[in-house]
Amino acid sequence: ASSQDISYNEEVKEALIYPNPLTGEKFMVKSETAISKIEVVNVIGKVINRTENPNFQLKEVVVLVGKCEKGIYFVKITFDDKKTIVKKLLVK
């Protein structure tokens with residue numbers, strides 16, 4: 001592969017999680033890009049919530065996690081083009 005194959009100006013995906021830290025049972029993920037799936041994973045790698053967004057239209061998704069233990073969780077956000085980012089979520 002030549003160096004021309006690599007795109008350096010590719011748009012970096014970003015998403016906002018709020019409220020963070022979380023004190024209730026749900027949070028929002030907001031993005032400029034359509035979101036296809038959100039997974040909430042605890043520190044030992046167990047998926048505690050998977051929220052699908054099948055129509056790809058939403059750029060703001062509500063994630064219901066219920067009452068989960070206090071601590072740090074990882075929120076893996078998959079966009080409609082299959083790119084993913086991981087954000088930290090603190091549960092108080």
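The protein chain exposes about 6,300 Å², of which carbon and sulfur atoms supply 53%; accessible areas derive from the Shrake-Rupley method with a 1.4 Å probe, and for residues only the protein chains shown count as cover. The model is predicted, so that local features require pLDDT of at least 70 and side-chain atom pairs pLDDT 80 or more, whereas totals for chains, interfaces and linings use all residues. Residues are numbered from 1 along each chain as its sequence is written, and side-chain values use heavy atoms, without hydrogens and water.

Of the 92 residues, 34% are buried (under 20% relative accessible area, 1.4 Å probe, protein chains only). Among contacts (heavy atoms within 4.5 Å) with a separation of 6 or more, 52% involve residues 24 or more positions apart.

The chain contains zero helices and seven strands, assigned as DSSP runs (helices H or I, at least four residues; strands E, at least two) and numbered from the N terminus. Four strands form an open, antiparallel sheet in the order E4-E3-E6-E7, where pairing requires at least two DSSP bridges between two strands. Strand E4 (47-52) and E7 are the edge strands, each pairing on one side only. Neighbouring strands of this sheet are turned by 20° against each other on average, direction ignored, with axes fitted to C-alpha atoms.

Within the sheet, strand E3 (residues 35-41) pairs with E6 over six antiparallel bridges, and Val-40 has Val-75 in E6 as its bridge partner. Four residues separate E6 and E7 in a hairpin, and Lys-82 in the turn adopts a positive phi of about 75°.

Terms used
Axes fitted to C-alpha atoms, helices over the stretch in contact; angles between N-to-C directions. Buried < 20%, exposed > 50% of the residue type's maximum accessible area, 1.4 Å probe, protein only.
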